[in-house]
Amino acid sequence: MAGVKYAPRPYEQPATVLERVEYFSHWFYTTHQKKGAVATKLGIDVKKLNRILTFEQLPDEELLRKMMKLCEK
């Protein structure tokens, strides 16, 4: 269906970078995280976090690993 966005399934391991960012974004908004606190934990500024959450910018491999570790906590 065009225009319908499905929520990521936590029991499946996200495969692509875009799917992993989508999983992180879903985790971020469903757990009501504060942008400043998450950005600090990731070692980035809030502007970069905003660009990642809006899919304007994709993270590099190291940042992506940190994002996935944060989701597991």
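## Basis of the model

The structure is a predicted model, in which local features need pLDDT of at least 70 and side-chain atom pairs count only at pLDDT 80 or more, whereas totals for chains, interfaces and linings use all residues. Residues are numbered from 1 along each chain as its sequence is written, and side-chain values use heavy atoms, with hydrogens and water left out.

## Overall architecture

The protein contains 4 helices and 0 strands, and its elements follow the order α-α-α-α from the N terminus. Helices (H or I, at least four residues) and strands (E, at least two) are DSSP runs, numbered from the N terminus.

Of the 73 residues, 30% count as buried; buried means under 20% relative accessible area, exposed over 50%, and partly exposed in between, with a 1.4 Å probe and protein chains only. The accessible surface comes to about 5300 Å², and 54% of this surface belongs to carbon and sulfur atoms. These areas come from the Shrake-Rupley method with a 1.4 Å probe; for residues, only the protein chains shown count as cover. Among contacts (heavy atoms within 4.5 Å) between residues at least 6 apart in sequence, 49% join residues at least 24 apart.

## Helix H1 against helix H3

Two packed helices are described by the angle between their axes and the distance between the axes. Here the axes of H1 (residues 17–30) and H3 (residues 46–53) come within 10 Å and cross at roughly 110 degrees. Axes are lines fitted to C-alpha atoms, for helices over the stretch in contact, and angles run from 0 to 180 degrees between N-to-C directions. H1 and H3 are therefore roughly perpendicular to each other; angles under 35 degrees count as roughly parallel, over 145 as roughly antiparallel, 65 to 115 as roughly perpendicular and the rest as oblique.

From H1, the residues Val21, Phe24, Ser25, Phe28 and Tyr29 meet Leu49, Ile52 and Leu53 of H3. By class, this contact has 7 nonpolar, 1 polar and no charged residues. Ala, Val, Leu, Ile, Met, Phe, Trp, Tyr, Cys and Pro count as nonpolar, Asp, Glu, Lys and Arg as charged, and the others, Gly among them, as polar.

## Helix H2 and its two sides

In H2 (residues 35–42), Val38, Ala39 and Leu42 are buried. They cover an arc of only 100 degrees around the axis, which puts them on the same side of H2; the arc is that of the directions from the helix axis to the C-beta atoms. On the other side of H2, Thr40 and Lys41 are exposed. The buried residues of H2 pack against H1, H3 and helix H4 (61–72).

The axes of H2 and H3 come within 9 Å and cross at roughly 100 degrees, which makes H2 roughly perpendicular to H3. Lys35, Gly36, Val38, Ala39 and Leu42 of H2 make this contact with Val46, Leu49, Asn50 and Leu53 of H3. Its residues comprise 6 nonpolar, 2 polar and 1 charged.

## Positive phi values

Just after H2, Gly43 adopts a positive phi of about 80 degrees. His32 lies in the loop between H1 and H2 and is exposed, with a relative accessible area of 68%.

Phe55 has a positive phi of about 65 degrees, although it is not a glycine. This residue is in the loop between H3 and H4 and counts as partly exposed, at 32% relative accessibility.
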